[in-house]
Protein chains: 2
Amino acid sequence: MSYVYGVDVGGTSVKIGLFSGEGELIEKWSIPTNTDNNGEAILPDIASSIDAKSKEKGISDSEILGVGLGLPGPVDDRGIIRKAVNLHWNDTFNVEEKLAACFDGRLKVKAGNDANVAALGEAWMGAGKGYKNIVMVTLGTGIGGGVIINGQIVTGTRGAAGEIGHIYTGTDTEEPCNCGNRGCLEQFASATGIVRLLKEELENNPDEASEMRNKPLDSKNMWEAVKNGDELSIRVAERFGKYLGTGLSVVAGVLNPEIIIIGGGVSMSGDVIMPYITKNFREHVFHASGDTIFTRATLGNDGGIYGAAALLI
Amino acid sequence: MSYVYGVDVGGTSVKIGLFSGEGELIEKWSIPTNTDNNGEAILPDIASSIDAKSKEKGISDSEILGVGLGLPGPVDDRGIIRKAVNLHWNDTFNVEEKLAACFDGRLKVKAGNDANVAALGEAWMGAGKGYKNIVMVTLGTGIGGGVIINGQIVTGTRGAAGEIGHIYTGTDTEEPCNCGNRGCLEQFASATGIVRLLKEELENNPDEASEMRNKPLDSKNMWEAVKNGDELSIRVAERFGKYLGTGLSVVAGVLNPEIIIIGGGVSMSGDVIMPYITKNFREHVFHASGDTIFTRATLGNDGGIYGAAALLI
């Protein structure tokens, strides 16, 4: 039997999955991310945890196809990562070679950017199964993006392909995006962006009743209010959809994908979010991409470990 | 010795090039495009012309790597073309199989969309030589686009990847684009788009002197006027650059290419066009793509035959 490990490295915890070579998730667990001393223990901790699991399960190295890593930073085709702020990694180094060395070269290692890897996970065992040209956007605190062409991640020259969160919307914002630019898509269509739009609507319309005046301002509550017919929240949803749908129409003009997958925390609010996106998408997209399929991600928080494992498949 | 034919099929004439397998253009010629009876003679005419050339040169079929076709319409990975209005082709059929049949199956045939194929030509023997991740835009009557990832054309699901001319600019136009949408990039940044912007500036500023008031309104004259310091024309150049540079910043956010190549008639006006594009590009692009190389195409009108030949390499 063949096995593969998928590792999703976050700033707080590292999620690890043991999969069969056919894509069945056998077991998943997590370990804390130790960011002390520039995060020097992160890779050795991962290696120890994996070796312990293999020992526990009686899996020999020769049965393991390899270890895949999803990382919160740009990773190029050679495995070189330039920076991962959340892990306190500030150097440029080959993360594949470094983790392989922790295994004394016994296991093959492949690494990728976490948003790209999540797209590969959905392609392998999630909403994108059976498709070969896929765009995925992950709507969380920020917006991550991943592009799959002919079943392969498009990495880009510096590992920065699929940075859909930072495409320019045409609307300049007063405060800059985390990336330093102004008017990035994630300033409007991430969970954080939704709260920004919500605050604007509440402040600009002080006399308008809205159930959001009595609730914590977050994306989940806003979509609940949309389901309840709250007019102010529906306007926020329309603005969210205008930015995201129009932005994705440009992405589809470049790539002509079969399917666009919406993931991340915002997508957990359900199908209520979809028509706001697709209406604007279809209004502006080139006709040959007009029937692009839209769907929500199905792997949830496990997308990262699935995709990391899929790097070895 | 090995040979390959590259064919660039246009609505008026068909350009054909005979290349060595190493990419040397040995001879080029053209034949008229016969669009009578739904263009049924176009493929047989191409086959006859190529067979006659091989006979003239004493080249045997076994020395020919194949025949590549660049076509004015979307062509998918299997060689299926849906429509080519300029050729009076209205059916969906496999153009590779149909041309191969004209050769009685003696020669291998590969086909692609003309703008995609032009990008491959520049990648093979032009401005993109040595790069593997390339975006090309062809600024002519319209705007064509081509995307090369890892040395391969990105075709898209319906052969409609790289349709950069039809990405939405955020500015709605009164009259629709040829594609039916409003506000497409080619309505502002093609040679036709430049004339539109020029007319607007002239009409909106009737008292402002401009050397364009005494010249035919075309892109070439406009860029000459920019070189001469004509202020009204410089404003047109700035608007052109804002649309194109911003649009390309989005494309680079999705693909993180090494190089962006500007081709087509507008690019023939020289390096004067470049700063208007790059200034806006760098203002809005994600930082990891900030040093994307910009250059003009070098193969000129031969890009199509080079790229068609490169389909077989």
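A residue counts as buried if 20 or more other C-beta atoms, placed from the backbone, lie within 10 Å of its own, as exposed if 12 or fewer do, and as partly exposed in between. This is a predicted model: local features need pLDDT of at least 70, side-chain atom pairs count only at pLDDT 80 or more, and totals for chains, interfaces and linings use all residues. Residues are numbered from 1 along each chain as its sequence is written, while chains are lettered from A and ligands numbered from 1 in the order in which they are written.

**How the copies are related**

**The interface**
- Chain A brings 35 residues to the contact, and chain B brings 35 residues (contact: C-beta atoms, placed from the backbone, within 7 Å).
- On the side of chain A that touches chain B, β9 (143–149) and α8 (231–255) each supply at least two residues (helices are DSSP runs of H or I, at least four residues, and strands of E, at least two, numbered from the N terminus).
- α8(A) gives the most to that side, with seven residues.
- The copies meet through the same surface, because 100% of the interface residues of chain A are also interface residues in chain B.

**Helix α4(A)**
- Helix α4 of chain A covers residues 114–125.
- α4(A) is mostly covered, with 12 of its 12 residues buried.
- Among the buried residues are Asp114(A), Leu120(A), Glu122(A) and Trp124(A).

Key: Two residues are in contact if their C-beta atoms, placed from the backbone, lie within 7 Å. The expected span of a helix is 1.5 Å times one less than its number of residues.
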